[in-house]
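Hi there,

Here is the structure I promised to pass on to you. Have a look at it first, and then read on for my notes.

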Amino acid sequence: IWVPDDCYIFPGSGKRNLKFQRCWFKRWNWLAYSEKDDGAYCKYCVLFAGEGGGVGKQTFGNLVKKPFKNWKDGIEVFNNNTNCEYHKTCILKGTCAKQILKKKVEPIDIQIDSGIKRKIIENRKNLIPIIETIIFCGRQNLSLRGHRDSGPLNLTEPNENDGNFRSLLRFRANSGDVSLKTHLETCSKNASYTSPMIANEIISTCGDIILKKIVNKINEAKCFSILADETSDISGIEQFSLCARYFYTAQPICARTHLS
């Protein structure tokens, strides 16, 4: 933005030789003067007003798209512009832009991205005790499901058994896990991550990870053998069992057997 120095003489116009007044810069700090156009502009509206504003999105003219030169009506026009809603919005946008350029605030896209990242980190943190509880039940051969195991998880002991999984989460939250307790008390019904569907997904993921680790060890072994057998369960459905026997060489040589 060009700022005339103190020695600059503004050109006059009309019979009364009216001209731009230097004191207007202090009275309206958004005002700018163009030597080329011999007219005044709003430095914020020129940049941020867009194509139209006001009722019906009228096309902008003086101070925005065209230089204002009618100095006789200057004070009235400048006061009216100060009270316009689109002008106030442009001032706000310009102020934010200056703060971003001065590194005082981050751009909105980065702020939104940072907010999303914080939410992802928070959700992952909330999942940790839930995953650990499912793994604990798996290691101890404990069933997860109960008579009632859906809906919000109440931290008070229910009248009906709602399963080992929910009982362990309740015990953990009431025993000092502040993060888990806060999550269970504040989460919505659809974001608690304690439903049977989510538990099954976590169990399936754990199974995939275990299987991948076993397969990697078998592939690294110098020799291995595969045995397969099939039998019927109590309901008469055929169940296929696969046994892998291999040498695990990371430790002193020993035979390992995995059944599935």
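Asn17 sits in the segment before helix 1 (24-27); helices here are DSSP runs of H or I with at least four residues, strands are runs of E with at least two, and both are numbered from the N terminus. Asn17 has a phi near 55 degrees, which is positive although the residue is not glycine. Most residues other than glycine have a negative phi. At 45% relative accessibility, Asn17 counts as partly exposed. On this scale buried means under 20% relative accessible area, exposed means over 50%, and partly exposed is in between (1.4 Å probe, protein chains only). Asp38 also has a positive phi in a residue other than glycine, near 50 degrees, and Asp38 is found in the loop between strand 1 and strand 2.

A word on the basis of all this: the model is predicted, so local features need pLDDT of at least 70 and side-chain atom pairs count only at pLDDT 80 or more, while totals for chains, interfaces and linings use all residues. Residues are numbered from 1 along each chain as its sequence is written, and side-chain values use heavy atoms, with hydrogens and water left out.

**The chain as a whole**

The chain contains eight helices and seven strands. Its radius of gyration is 36 Å, well over the 18 Å that the globule rule gives for 260 residues, so the chain is more spread out than a compact globule. That radius is taken over C-alpha atoms, and the rule is 2.2 Å times the number of residues to the power 0.38. Along the principal axes, the C-alpha trace spans about 110 × 55 × 35 Å.

Of the 260 residues, 25% count as buried. The chain exposes about 18,400 Å², with carbon and sulfur atoms supplying 55% of it; the areas come from the Shrake-Rupley method with a 1.4 Å probe. Among contacts (heavy atoms within 4.5 Å) between residues at least 6 apart in sequence, 41% join residues at least 24 apart.

**Two nonpolar cores**

A nonpolar core here is a set of buried Ala, Val, Leu, Ile, Met, Phe, Trp, Tyr and Cys residues joined through side-chain atoms within 4.5 Å. The largest one has 20 residues, of which Phe20, Trp30, Leu31, Ala40 and Phe78 touch the most other members. Strand 1 (31-34), strand 2 (39-42) and helix 2 (43-48) are the elements that give two or more residues to this core. Leaving aside neighbours within four places in sequence, Leu31 is in contact with Phe20, Trp24, Phe25, Ala40, Tyr41, Leu63 and Phe78. Apart from this core lies another, of 14 residues, including Cys137, Leu153, Ala173 and Leu180.

**Arg172 and its surroundings**

Which residues does Arg172 contact, leaving aside its neighbours within four places in sequence? They are Pro129, Glu132, Thr133, Asp177 and Leu180. Arg172 belongs to helix 6 (residues 163-174) and is partly exposed at 27% relative accessibility. Pro129 is 43 residues from Arg172 in sequence, and their C-alpha atoms are 8.6 Å apart.

Glu132 is found in helix 5 (residues 108-139) and is partly exposed too, with a relative accessible area of 38%. Between Glu132 and Leu169, 37 residues apart in sequence, the C-alpha distance is 9.8 Å.

Lys102 lies in the loop between helix 4 (85-101) and helix 5, and is exposed at 57% relative accessibility. Arg16, in the segment before helix 1, counts as exposed at 60%.
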